[in-house]
Amino acid sequence: MASTLLAETPRGGFSFENCCRNQFFEQKGIKAPTAYKTGTTIVGLVYKDGVVLGADTRATEDTVVADKNCSKIHYISDNIYCCGAGTAADTEMTTQMISSQLELHRLNTGRTPRVCTANRLLKQMLFRYQGHISAALVLGGVDSTGPHLYSVYPHGSTDKLPYVTMGSGSLAAMAVFERGFKPNMEKEEAKKLVRDAIAAGIFNDLGSGSNVDVCVITKDKVDYIRPFDEANLKGQRQGSYRYKKGTTAVLKTEVKKIPFEVVKKTVRAEPMETV
Amino acid sequence: SYGALARYRNLSRVMKVNDSAAIGISGDYADYQFMKSVIEQRVIDEECLNDGFQYTPKSLFSWMTRVLYNRRSNFNPLWNTFIVGGVQDGEPFLGYIDKIGVAYNDPTIASGYGAYIAAPLLRDAFEANPKMSLAEAEKKIDECMKVLYYRDARSLNKYEVAIVTKDGTMIKSPIVSETNWEVAHMIKGYE
């Protein structure tokens, strides 16, 4: 495109041009492609030494399971991870964008990024898009000020809490948290509670299913355990349905030669293969 | 509640039918009052017959399903969800009936918000211990009602329980859960 020498500086904000086009399509009866959602259960929990994040692994397209084992815990930085619920593309791209922005910020400051920075970046971006980016996130990490856990909503509001759940299975998971949460839990207790909360979502919510992924973040290291619990293994076949050789009795064997005549012979030259 | 206004804080949503059955109601209170008077009258009529038979939980469940489904089919529903519970032939029974006539029975039943919040807890508890004692069951119910008070914006910390055993029906009311708000100390600000 040699003709555009002076490109226009892009105007900030969301461009709503395509919304007009989409409305026109709807009027004409052309249906929009359905979003690939992660009807989900995602949870986060602050325990004694850090943060435990948990997620299920089912991705749905309306009522069909699109991915039986997708990864919903996304990397933001070495000490910060983020679970995502809502439209799969939105959560994936948003977390990747914030991850790269945070990496640039880290190189600029020379310090380990803080969770509140990631939180600010996420909410500022999501608010700018006025909720059209359908990403509901559970952001957790440990930085120099300690362990932090945030829940970020698609419209851009955030909550800073000791335990959070998001997604379609959030009520089931929250019920388990409300029953079992105590401040300053031990690591194994916290992992078990997170696993129980995700299991409640998996078994009681149709939008969540398959396995439980867990990510434990502490000051020194991150334990990304995928899968933590394979709660829904496909049933193993107990026997073979194959018939044993000799089940069908052979009564008679006859060997016949099939007569065929040569109709045409062609000789073709094939060029040598050169690199 | 009246929308978001906690208008009546003392309404009973649980009713004893006879010594082997009780029902719990959610939805429109006026429709419940209508159903209550119909059931009470039927129980009285039955007592007058004096034939030694009583409404069993399953027969009550079956009759109520038919009534609700019939009303729905005539576009005049009773806007309620009923939970019928009782003991029949030594076996406990729990059934759920909707305003559209959806009816099923299960060892654990929950309606409204309870279906999202309490049902997972009850299912876990039942799977872990299908033969729990009355005390354990009451404790589980209290736990569920407590979590519902925490998470349902239109709820109050007061509830009633109907207990049906082979010895009869008893209604305990009002019960207040002990709530724990210690976690509030850990929350400051929103970012």
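Colleague: At which residue does UniProt place the feature "active site"?
Modeller: The unreviewed UniProt entry places that feature at A:Thr40; UniProt positions follow the numbering used here, feature names are shortened, and annotations may be inferred rather than shown by experiment.

Colleague: What should I know about the model itself?
Modeller: This is a predicted model, in which local features need pLDDT of at least 70 and side-chain atom pairs count only at pLDDT 80 or more, while totals for chains, interfaces and linings use all residues. Residues are numbered from 1 along each chain as its sequence is written, chains are lettered from A and ligands numbered from 1 in the order in which they are written, and side-chain values use heavy atoms, with hydrogens and water left out.

Colleague: Back to A:Thr40. Where does it lie, and is it buried or exposed?
Modeller: A:Thr40 lies in the chain A loop between strand E1 (37–38) and strand E2 (42–46). Helices (H or I, at least four residues) and strands (E, at least two) are DSSP runs, numbered from the N terminus. A:Thr40 is buried, with a relative accessible area of 0%; buried means under 20%, exposed over 50%, and partly exposed in between, with a 1.4 Å probe and protein chains only.

Colleague: Which residues is A:Thr40 in contact with?
Modeller: Leaving aside neighbours within four places in sequence, the contacts of A:Thr40 (heavy atoms within 4.5 Å) include A:Asp56, A:Lys72, A:Gly169, A:Ser170 and A:Asp205.

Colleague: Changing topic: how many residues does the contact take from chain A and from chain B?
Modeller: Chain A contributes 21 residues and chain B 19 residues. Together the chains bury about 1,700 Å², 62% of it on carbon and sulfur atoms; buried area is the accessible area (1.4 Å probe) that two parts lose on being put together, summed over both.

Colleague: How many salt bridges are there between chain A and chain B?
Modeller: There are 2 salt bridges between chain A and chain B, each a side-chain nitrogen of Lys or Arg within 4 Å of a carboxyl oxygen of Asp or Glu. One of them joins the side chains of B:Arg151 and A:Glu178 at 2.8 Å, N to O.

Colleague: Which elements supply the side of chain A that touches chain B?
Modeller: Helix H3 (115–128), strand E10 (158–160), helix H4 (170–180) and helix H5 (187–204) of chain A each supply at least two residues. H4(A) gives the largest share of that side, 7 residues.

Colleague: What about the loops of chain A? Which value does phi take at A:Gln130?
Modeller: Phi of A:Gln130 is near 50°, a positive value in a residue other than glycine. A:Gln130 is in the loop between H3 and strand E8 (135–143) of chain A, and counts as partly exposed at 45% relative accessibility. A:Asn184 also has a positive phi, near 55°; this residue is in the loop between H4 and H5 of chain A and is exposed, with a relative accessible area of 57%.

Colleague: Which form does the peptide bond from B:Ser173 to B:Pro174 take, cis or trans?
Modeller: The bond from B:Ser173 to B:Pro174 is cis, with omega near -10°. B:Pro174 belongs to strand E7 (residues 168–175) of chain B.
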